[in-house]
Amino acid sequence: MRNLILSSVAAIATMAAGAVSSAAIVTFQQGANGYSGTADTFLVAGANADNPRGTNVGVQTRGDSHGLIRFDDIFGSGPNQIPAGQQIISATLTVTTNNQSVDGFQFHRMLLPFDEATDTWNTWKSGTSGRNLTEGVQADGQEASTVVEYIVAPGSVDTVATHTFDLTASVQAWYAGQANHGWVILPASTAQTDSWIFRSRDWTTQSERPLLTVEYAVPEPACLAIVGLGTLRLLRRRASTGPRR
Ligand SMILES: [Ca+2]
Ligand SMILES: [Ca+2]
Ligand SMILES: [Ca+2]
C-alpha cells in the first residue's frame, strides 16, 4: 500500500509538472493555417493624405506616417485559436523590415477601430466616432492608449531583417475582455524623416508577413486545484488503509 501511495504521489507530481509544460504556442500570420484575420495599413500626410494604403505591401512609420496593425479572430474554440480559460504567457509580433530606420518608434494599443480599406491620414481628424480633430492617430487616451506598449529604440530596426516586439500586455488585456483594435505604431518624434517599413499582410511571400505568436497555458489556480484534489484523495486513501495496518 505504501508503494501505491508513493506511486500516486509521483503521478500527481508528474501531473503538476505536466501542467506547467503543457503550454501551447499558436501563431497568426495571414495565409498560414487558414488564418485571414490580419488588417494593416498606414496613414500618411502629403499626396496620399486622402488615399487608403491598406493594400500596400508595406506598413510605413515616420514623423508624418502612422502604422496600424491588428489580428482579428485570435480567441475562440477553433483549431488555431486561443481557447477560453487559459493564461496568456507571452505574445510577440515579428515583422520583416524591408526599409530600415535609425529612428525610434513606439507601439500603442488602439482604442478605436480602423478600416484598412478606407482609413487615411485625413479620416482620423473627422471629429466623429470618437476621433479627434488632428490628422493621423494620437496616443491621447481617446484614439489610442497613452501607454507605450513597446518602445522600438533608435537603432533597433536599422537593418533589413526580422524584428520581434514583446506585446504580451496587450494580448492579455484583450483576452481579459478589452476590445482588440490592434496597435498604432507612432514615431518617437514628428520630426523624424527616416521611414521604417515592414512587409504587410499583403506581401506576396506568406512567411514574411507580420506574425503574432502567443504562448498560453492552463492557469496556475487550476493546476493547484488538481494537485489539491489529488492530495485530498491521498489523505482519504491513507485514512481508509490506516486500520488495515
Ligand atoms: Ca494591408
Ligand atoms: Ca487624430
Ligand atoms: Ca528608411
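Start with an open sheet of 5 strands, in the order 2-4-9-6-7 and with antiparallel pairing. Strands here are DSSP runs of E, at least two residues long, numbered from the N terminus, and two of them count as paired if DSSP finds at least two bridges between them. At the edges sit strand 2 (38–44) and strand 7 (144–152), each pairing on one side only. Going from one strand to the next, the twist averages 25 degrees; axes are lines fitted to C-alpha atoms, with angles running from 0 to 180 degrees between N-to-C directions.

A quick word on what you're looking at: this is a predicted model, where local features need pLDDT of at least 70 and side-chain atom pairs count only at pLDDT 80 or more, while totals for chains, interfaces and linings use all residues. Residues are numbered from 1 along each chain as its sequence is written, and chains are lettered from A and ligands numbered from 1 in the order in which they are written.

Back in the sheet, take strand 4 (residues 65–71) and strand 9 (residues 183–187): they run antiparallel and are joined by 3 bridges. If you want a spot to look at, Gly67 stands opposite Ile185 in strand 9.

Now hop over to strand 5 (residues 87–99). With strand 11 (residues 211–217) it pairs in the antiparallel sense over 7 bridges, and Leu93 stands opposite Leu212 there. Strand 5 also pairs with strand 8 (residues 162–166), antiparallel again, over 5 bridges. Leu93 turns up here too, opposite Phe165 in strand 8. Then there's strand 10 (residues 196–199), which pairs with strand 5 in the antiparallel sense over 2 bridges; Thr97 is the residue facing Phe198 of strand 10.

How values were computed: Helix = DSSP H or I, 4+ residues; strand = E, 2+ residues; numbered from the N terminus.
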